[in-house]
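User: I'd like to learn how to read salt bridges and helix packing in a model. Could you walk me through it?

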Amino acid sequence: MISKPYPCQFNFSAGPAMLPKEVMEKAKDEFLNWNDTGMSVLEMSHRGKEYMSIFKKTEENLRELFNIPNNYKILFLQGGAITQNFMVPMNLIQGEDASYIVSGYWSKRTFNDAQVFGNINLAASSESDNYLTAPKYEDWNFSPTDKYIHFCLNETIHGVEYFEDPNIENVPIVVDMSSTILSRQVDVAKYGVIYAGAQKNIGPSGLTLVIVRDDLIGYSQKETPTTFNWKIQSENDSMINTPSTYSIYMAGLVFNWLLDMGGLDVIEKKNIQKSKMLYDFIDNSEFYYNEINKSNRSRMNVPFRMIKDELTMKFVEDAELAGLYQIKGHRLVGGLRASIYNAMPIEGVEALINFMMDFELKNK
Ligand SMILES: *Cc1c(COP(=O)(O)O)cnc(C)c1O
């Protein structure tokens, strides 16, 4: 049993990440007895009328919140974002060509995972720039005969984000939005396929959201297992087998929370405010720094380092004593990282900045 003398005040984990307090309270209130049914959502048959009502409403609310046109199917799948590294080519490539953009760890892994499925072209990469920037849309070197182009909208580890939607009409775009989905409105119609693991900005782990344009469904290679097949999943309302029922319910509570606050334009303003506060503080400091190209700095994941890099572990330990958890950078890149998704209140960012000032004073 791990007991913590200094409990978590604010959780900066990259994922699974903190959830909105209001959502957690609602889930707690309904935990044993949902809507006077005498059942917990955890115990419900996914095909029963109680659960079906939750499921339908969740889908409708997401369509409204994210402004998803009617010619897109919404799938509630499992396997995480990584499983889409295989499902995307299995459902689209037909042994032919596709182009991939590499702008950080996740998109590179996606590019590597796709290799066995067809001719995988590296259309652009910022690896040689140490991922301090993301390759500009104009510089993507794809072919009009590609079955699709894949890229990652926000690189969670490197903290590199695209803030505009690409404007490419002749080739469908497949995008990994795991760590930025619902942080702002995007133009869904600019994409062929959008996917995201839930555990950053949507809800608990165990759920993967896939939003696919109708006309891209039905091209899977013949060996594709049923649970991996977008067409079969979409014809069966994502229930060719048991879906991740409780995670979907929790995601539904998060969608309601966002709709109640006024939708994605409202949360976007908050996200801009929170990330600006933190980046401004870092930029004005001679103790902390962030080297990412300013136009690509992620609003969700803010990596930073100290000039005195050797103090990193001390920073992490002291932060935990101050109730600020999970501030360590990813093991691949080291340093520090604050993930400030939708659920992170502005008070959390203020507490982090106050702690950073204090740490600097004590250790400079
Ligand atoms: C977390 C993450 C993944 C991996 O997601 P899993 O759900 O663990 O498979 C992939 N891409 C991005 C951008 C991520 O942030």
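User: Which residue forms a salt bridge with glutamate 268?

Analyst: A salt bridge here is a side-chain nitrogen of Lys or Arg within 4 Å of a carboxyl oxygen of Asp or Glu. Glutamate 268 pairs with arginine 299, their closest N and O atoms being 3.3 Å apart. This pair joins distant parts of the chain, 31 residues apart: glutamate 268 sits in helix H7 (residues 264–283) and arginine 299 in the loop between strands S11 (288–289) and S12 (301–306). Helices (H or I, at least four residues) and strands (E, at least two) are DSSP runs, numbered from the N terminus. This is a predicted model: local features need pLDDT of at least 70 and side-chain atom pairs pLDDT 80 or more, while totals for chains, interfaces and linings use all residues. Residues are numbered from 1 along each chain as its sequence is written, and side-chain values use heavy atoms, leaving out hydrogens and water.

User: Is arginine 299 buried or exposed?

Analyst: Buried means under 20% relative accessible area, exposed over 50%, and partly exposed in between (1.4 Å probe, protein chains only). Arginine 299 has 17%, so it is buried.

User: Where do glutamate 25 and lysine 21 lie?

Analyst: Both are in helix H1 (residues 21–30), 4 residues apart, or about one turn of the helix. Lysine 21 is exposed at 60%, and glutamate 25 is partly exposed at 40%.

User: How many salt bridges does the count come to?

Analyst: The count is 20. Asp283, Lys294 and Arg297 are linked in a network of them.

User: And which residues of H8 meet H9?

Analyst: Contact means heavy atoms within 4.5 Å. Lys314, Phe315, Asp318 and Ala319 in H8 meet Phe355, Met356, Phe359 and Asn363 in H9.
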